[in-house]
Amino acid sequence: MARQIGFTEQEIAALDRVAESVAFDAALRTALLYAEAMTRDAHGVDEKLFAEMKRHYSDSEIVEISCVVGLANYWNRFTTALRVDLSGSNEPYDSPKTDT
Amino acid sequence: MGRLPRLERDQVGPEARAIYDTYLKERGNVPNAFKIFAHLPSYLTTMIDHYRTVMFTGSVPFQRKELLFLHVSRLNACRY
């Protein structure tokens, strides 16, 4: 998906180490870290991180980003809990190779 | 096979069927998650509206939103 929307292999790989990666500009890195905190434990969105968000984004952009992250979490948990099979392929959600 | 039956085109009403047809034309298949949301047609229609509103309106570029969506999905180890 990321390749389809124009991100490089380097940027996709950098998602595993956002905090120390130079693949993203400061604003995007902050949003990615905010997404991590909001996803892992929303209580973990501390004042320092939120101040960084305020530095890079307007209030309405923070609402936008929070909605994207919230929506992604909604879809992820919905499709995972219900084991929704992958679209456009005949591969079932819990195919043998994923259960190892 | 997922935990709930997916509602195919002949099992849904006109509202959901119109959405199925749009996606069949645009991408050649109907996302399986839609076939689950379709158990409650109003959830399907409003979910799609909300998804499009969140992802395609506002001032944060779509490409960045997609990357955020992808990042969260990787964090959640979501296979879908």
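This is a predicted model: local features need pLDDT of at least 70, side-chain atom pairs count only at pLDDT 80 or more; totals for chains, interfaces and linings use all residues.
**Chain B first.** I started with the fold of chain B and counted four helices and zero strands. Reading from the N terminus, I get α-α-α-α. I also noted the span of its C-alpha trace along the principal axes, about 35 × 25 × 25 Å.

**Where it meets chain A.** Next I looked up who takes part in the contact. I find 41 residues from chain B and 48 residues from chain A. For the size of an interface, the accessible area lost when the parts come together is often the number given, so I looked that up too. Chains B and A bury about 4200 Å² between them, and 67% of that is on carbon and sulfur atoms. On the chain B side, I wrote down B:Leu67, B:Leu68 and B:Arg79 as the residues that lose the most area to chain A; together they make up 17% of what that side buries.

**Polar links across the interface.** How many residue pairs are in polar contact between chain B and chain A? I get 16, with both partners at pLDDT 80 or more. I then asked which helices of chain B supply the side that touches chain A. Helices α2 (32–37), α3 (41–56) and α4 (62–75) of chain B each put in at least two residues. The most comes from α4(B), with 14 residues. Sorted by class, that side of chain B has 22 nonpolar, 11 polar and eight charged residues.

**Salt bridges.** The closest N and O atoms of A:Asp25 and B:Arg64 are 2.1 Å apart. Across the interface of chain B and chain A, the tally is four salt bridges.

**One helix pair up close.** I then turned to helix α4 of chain A (residues 59–81) and α3(B). Their axes come within 10 Å and cross at roughly 140°. I noted the crossing of α4(A) past α3(B) as left-handed. Which residues meet there? From α4(A) I listed A:Cys67, A:Val68, A:Leu71, A:Tyr74 and A:Trp75. Facing them in α3(B) are B:Met47, B:His50, B:Tyr51, B:Val54 and B:Met55. By class, this helix contact has nine nonpolar residues, one polar and no charged.

Terms used:
Residues are numbered from 1 along each chain as its sequence is written. Chains are lettered from A and ligands numbered from 1 in the order in which they are written. Side-chain values use heavy atoms; hydrogens and water are left out. Contact means heavy atoms within 4.5 Å. Buried area is the accessible area (1.4 Å probe) that two parts lose on being put together, summed over both. A salt bridge is a side-chain nitrogen of Lys or Arg within 4 Å of a carboxyl oxygen of Asp or Glu. A polar contact is a pair of N or O atoms within 3.5 Å; within protein, one must be able to donate a hydrogen and the other to accept it, and residues adjacent in sequence count only if both atoms are side-chain atoms. Ala, Val, Leu, Ile, Met, Phe, Trp, Tyr, Cys and Pro count as nonpolar, Asp, Glu, Lys and Arg as charged, and the others, Gly among them, as polar. Axes are lines fitted to C-alpha atoms, for helices over the stretch in contact, and angles run from 0 to 180 degrees between N-to-C directions. A crossing is left-handed if the near helix is turned anticlockwise from the far one by less than a right angle, and right-handed if clockwise.
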